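Please look through the structure below before reading on.

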Amino acid sequence: MFAREEGDVLAWWQAIVLGLVEGITEYLPVSSTGHLILASSLLHLDRPETKEALDAYLVVVQGGAILAVLALYRSRVVQMARGLVGRDADGLRLACSVALAFVPAAAAGLLLSKAIKATLFSDWPVLAALAAGGLWMIWLGGSGDRGSSDVAAISWRTALGVGLFQTLALWPGTSRSMVTIGGGMVLGLGTVAAAEFSFLLGLPTLGAACVHDLVGNLRHAAAAGGPSMFEQLGAQPMILGFAVATVSAALAVRWLVSFLTRHGLAPFGWYRLALSAILAVLLVSGAVG
């Protein structure tokens, strides 16, 4: 069913690997985009002729993580929907907070998207962001749930602050989860509340990014008369990777909340430093490129 068709660049097993990397790392504070870029390099998928299609897919596959959060936090999503139609005051407050936090990164992304992809979607900028983020999380450290635990009661100032932190994640390798969870904790949210708000904020943020890159790729292909990413990479393996990302993201989210309350962010910081050091050696030695 998922055999590679003639002309397809992406094999079924490579799609599974990318799906697992996306699902596991999307909501962990380790940078899913950074891991996907580096995984693509290790799988020798970063070919010049398919770079645009692959870059778009590495964003679109995040839709699997969106489905996972929609399923796990469906009660919160329903609460926000009820709030928007005037049936739940807390739900309306939470929906407004998520919308407010979404605005800074959305605006910055529209202005800087092309420049970021042209300059930062490569190995060394990703490694720099991985290492810097690791140092920040080690400094932040701390486990437990000492701040506010009611995500529905988040103030507009805190929501806006988390949104401003999220703009840092436009640099691939930084990690949207890292800056939003860590930023929420800095601004007074407890670990669980910061993580939950980060997950909910990911719904519009990742959703907008997925739609933007999907539509952009299809439009560019139609205008240029060339192949879309579905034709270059193969529709079947892309769907397989999407499904794998959904399941693995759901499992990762359930594990992450429990881990953060016991150990905090510091272990992820040490992991990021170790990973960046190992990959720097591989890059310098020519093992990956």
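Predicted model: local features only at pLDDT ≥ 70, side-chain atom pairs only at ≥ 80, totals over all residues.

On the H10 side the contact is made by Thr191, Val192, Ala195 and Phe199, which meet Val253, Leu256, Val257, Leu260 and Thr261 of H12. Sorted by class, the residues of this contact are 7 nonpolar and 2 polar, with no charged ones.

H10, which spans residues 191–224, also packs against H9, residues 176–186. The axes of these two helices come within 8 Å and cross at roughly 135 degrees. That angle makes H9 oblique to H10. The crossing of H9 and H10 is right-handed. From H9, the residues Arg176, Ser177, Thr180, Ile181, Gly184 and Met185 take part; from H10, they are Thr191, Ala194, Ala195, Ser198, Leu201, Gly202, Thr205 and Leu206. This contact of H9 with H10 has 6 nonpolar, 7 polar and 1 charged residues.

H9 has another partner in H7, which covers residues 123–140. Here the axes are 11 Å apart and the angle is about 30 degrees. Angles under 35 degrees count as roughly parallel, so H7 and H9 are roughly parallel to each other. The crossing of H7 and H9 is left-handed. Gly133, Trp136, Met137 and Leu140 of H7 meet Met178, Val179, Gly182, Gly183 and Val186 of H9. The contact of H7 with H9 contains 6 nonpolar and 3 polar residues, and no charged ones.

The next topic is the nonpolar cores. The largest nonpolar core has 42 residues, and Ile181, Phe197, Phe199 and Phe268 are those with the most contacts inside it. Two or more residues each are given to this core by H4 (63–72), H6 (89–119), H8 (156–166), H9, H10 and H12 (235–263). Which element gives the largest share of this core? The largest share, 10 residues, comes from H10. Phe199, already named in the contact of H10 with H12, is in contact with Tyr27, Val69, Tyr73, Val253, Leu256 and Val257, leaving aside its neighbours within four places in sequence. There is also a second, separate core of 31 residues, which includes Leu10, Ala15, Leu130 and Met238.

H10 also holds a charged residue, Glu196. Is Glu196 buried or exposed? Its relative accessible area is 12%, and values under 20% count as buried, so Glu196 is buried. Leaving aside its neighbours within four places in sequence, Glu196 is in contact with Tyr73, Arg76 and Val151.

Two serines in loops remain. Most residues other than glycine have a negative phi. Ser31, although not a glycine, has a positive phi of about 80 degrees. Ser31 is placed in the loop between H1 (12–25) and H2 (32–42), and is buried, with a relative accessible area of 2%. Ser175 is not a glycine either, and its phi is positive at about 95 degrees. The place of Ser175 is in the loop between H8 and H9. With a relative accessibility of 4%, Ser175 counts as buried.

Terms used
Residues numbered from 1 in each chain as written. Heavy atoms only, no water. Axes fitted to C-alpha atoms, helices over the stretch in contact; angles between N-to-C directions. Helix = DSSP H or I, 4+ residues; strand = E, 2+ residues; numbered from the N terminus. Parallel < 35°, antiparallel > 145°, perpendicular 65-115°, else oblique. Left-handed = near helix turned anticlockwise from the far one by under 90°. Contact = heavy atoms within 4.5 Å. Buried < 20%, exposed > 50% of the residue type's maximum accessible area, 1.4 Å probe, protein only. Core = buried A, V, L, I, M, F, W, Y, C linked by side-chain atoms within 4.5 Å.
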